[in-house]
Every structure is written in C-alpha cells, then in structure tokens.
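Please keep the sequence and the structure at hand while reading.

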Amino acid sequence: MHAFIRDLPKAELHLHIEGTLEPELMFELARRNNIDLPYKSVLEVKEAYNFEDLQSFLDIYYQGSQVLQKEVDFYDLTWAYLQKAASQNVRHTEIFFDPQSHTDRGIAFETAYQGIYQALQDGKSKLGISSQLILSFLRHLSAEEALATLEQALPYKDSIVAVGLDSAEQGNPPSKFKEVFDRAQAEGFLTVAHAGEEGPPEYIWEAINLLEVSRIDHGVRSMEDPELLQYLAEKQIPLTVCPLSNVKLKVFDSMAKHNLKKLLNSGICATVNSDDPSYFGGYIAENYQAAQEALDLSQQELYQLAKNSFQATFLSPESQQKLIAELDNYCQVLS
Ligand code: ADE
Ligand code: ZN
C-alpha cells in the first residue's frame, strides 16, 4: 500500500463496529463463550464472504455478531479496530453500533455499550484517536422497536452523538422512522441515515427532509437525480461513501465503475470509509487505495477526500481546524 495513503491523516465516519469482527477474533470469542460456529476454519469463513447483495451480507453479519456476549468481547472488538485505525493514521472516528442485534439475543444494551465505550476512551488516552458513538436502528424491524431502543439509550445520551438507520434498505424507507427520529432530535441527538445504497434517490430526499440528517451514509444513488446532486453540493451535506463495500455488495460491477470521483468532482462533500472492513476486504486505507488505483485519483483528490472527512465530522469547528492543519502540514511536507 502507498505510504502516502496509509499515513494521510483522516477521519472514519462510516464504520459498523460489528463489521470489524475478524474471523480470528470470531473463533476466539466462540471458544471463550462456548458457541458453535458453522465454520471449521478461518479460510472457510473467508470463503463464505461472497455476497450477492446487501441482504446476503446482512444474514452472515448478524450471525457473526452472535459470538459477542460479554462486555469484554465488545471491548476486545473495539480495541482491535482502534489499533488497526491507528496504524492507518485515523485521527478521529464516528462509529455505529447496532444495539438491537444484541438485545434481540438477550444481551443487555449496557453490556454492548459499556464495552465499546470503554475501548473508545482507551483509544483516546492510549492511541490519540478521538471518537464518537452513533446508535443505529435496524430498519427491517419496527418503528416501535426502534423507539424502545432509543429509550434504553437515554441514560447514555451524553456519550452518544447521533442516531442512524441501517440494515435492509429496500422497502424500509426513512419515513418509517420519522417519529423515532423526531424524538431523538428532541432528546438532543444528531441524525444520520443509510440511504441510496440500494434504495432510490427518493430515500435520500426523505432522509434529508423528514429525518433532517447531517450526513447521508452511502448516498451513491444520488447520481441518478441531478436536482438532488445539486442540493447535496449546495448544502454541503456529506456522503460517507464506502467503495469496497459497494463493489462487494454489487452496488457497482467493479471499482472502475464506482462514482466516487464523479461525486467529488461535482462539488459534493464525499468521504471514504470502510463500512464493515472485515467482511469487505479492507480498512480505510485499503478503501482509499482501491479507489485511487481504479479511478486514478490524484494527490489533490486524496487530500480533498481527507479534508472532507474532517469537515464532515461532528467535532467543533476548532477541532476540525486542528485536524485539517495537521493534514495540510502532512501534504506540504510531502509536496
Ligand atoms: N449494516 C452493516 N453494514 C451495512 C450496510 N452497508 N448497509 C446497511 N446496513 C448495514
Ligand atoms: Zn453501513
């Protein structure tokens, strides 16, 4: 991998912590917790990671999450991600967690939250990575279930910056969750939503107009609606794009067909992220690298993507500026 990309200071804004579960850790946690896995080896796990679409991935992803049982398991998962992120000079990360995929199996909300939160604290003190946490609702479940999850999160609202929406997009439009998001906003949460990954541009409009999101996760299908594209550029509503994910889940036939470069060059605040790195073949630097090679991104475009990543964070303008100054310094020293 290019040292320039690896060491580029960057923020990661679209990362499902459950999607960082590497097969080796999956086996270790299964052993610790006496859980039978449907795989015999790491190789067999990796061979199962061939997806037709989002749903075929989600089935395997939720199954993998079942090895997460105790607070320490969530800690170990998060700590492993943070170490990887540090090795790729991620300076700030805003990570999703899916409490419903744990509470539905009888694991307490607090167990998942505490393990993840403790690791994030250690990430700050030991690795110098700042972070924020985003609670994501599973959109294939009901709005009532999302509301119950929001209630469980209220005692921790000072350390959860936003709520989001993930899981099966088609047939589960943002409008289904309008009341939940209204309530979340009234409680002080910011909002984001996966939209326009597999779903149509109308879902992106709904996320903007009904859920009042600060960012769109994925959003690559905005390209089909020129008015939407113009709106996103004008309002600088960031897109958290995940190139390797999009190719693995067949949103694009190949990386060469990915529209990241077109989005960036239409003036959109596009960012590069890893989504579920252990399932899609790479962490954030591998995503930058794969996009750079296939789309022939210049150093200026890589710089812009990293700058966008800081501008799209939920950090204060002062904190954003500090990180951008670090990025500017890195690029100046090299040029
Ligand atoms: N959950 C984890 N990764 C996801 C993705 N790419 N889209 C929707 N839900 C997800
Ligand atoms: Zn995602």
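Along the sequence, the residues that donate to the zinc ion (ligand 2) follow the spacing H-x1-H-x177-H-x80-D. The model is a predicted one, and every value below is computed from it.

**Zinc site**
- The zinc ion (ligand 2) is coordinated through NE2 of His14, NE2 of His16, NE2 of His194 and an OD atom of Asp275, at 2.0 to 2.2 Å.
- The angles subtended by these four donor atoms run from 83 to 174°, and the arrangement around the zinc ion (ligand 2) is therefore irregular, since a tetrahedral assignment would need all angles to lie between 85 and 135 degrees.
- For comparison, the ideal angle for four tetrahedral donors at a metal is 109.5 degrees.

- A side-chain N or O atom of Asp276 is 2.7 Å from a nitrogen atom of ligand 1, while a side-chain N or O atom of His16 is 3.3 Å from a nitrogen atom of ligand 1.
- With Ser167 the contact is made by the backbone, one of whose N or O atoms lies 2.8 Å from a nitrogen atom of ligand 1.

**Helix α9**
- In helix α9, which spans residues 178-186, the buried residues are Val180, Phe181 and Ala184.
- Viewed down the axis of α9, these buried residues fall within an arc of 95°, and so they line one face of the helix.
- Glu179 and Ala186, on the other side of α9, are exposed.
- The packing partners of the buried residues of α9 are the strands β3 (130-138), β4 (162-166) and β5 (190-195), together with the helix α8 (143-153).
- After α9 comes Gly188, which has a positive phi, near 100°.

**Thr271 in strand β8**
- Strand β8, made up of residues 270-272, contains Thr271.
- Thr271 has a relative accessibility of 0% and therefore counts as buried, the cut-off for that class being under 20%.
- Leaving aside residues up to four places away in sequence, Thr271 touches Leu239, Thr240, Val241 and Leu260, as well as Leu305, Asn308, Ser309 and Ala312.

Definitions and conventions
Residues are numbered from 1 along each chain as its sequence is written. Chains are lettered from A and ligands numbered from 1 in the order in which they are written. This is a predicted model: local features need pLDDT of at least 70, side-chain atom pairs count only at pLDDT 80 or more; totals for chains, interfaces and linings use all residues. Side-chain values use heavy atoms; hydrogens and water are left out. Helices (H or I, at least four residues) and strands (E, at least two) are DSSP runs, numbered from the N terminus. Buried means under 20% relative accessible area, exposed over 50%, partly exposed in between (1.4 Å probe, protein chains only). Contact means heavy atoms within 4.5 Å. The arc is that of the directions from the helix axis to the C-beta atoms. Donors are N, O and S atoms within 2.8 Å of the metal (3.2 Å for Na, K and Ca); water is not among the atoms, so sites may look incomplete. Four donors count as tetrahedral if all angles lie between 85 and 135 degrees; four count as square planar and six as octahedral if opposite donors are over 155 degrees apart and all others between 65 and 115; anything else is irregular. A polar contact is a pair of N or O atoms within 3.5 Å; within protein, one must be able to donate a hydrogen and the other to accept it, and residues adjacent in sequence count only if both atoms are side-chain atoms.
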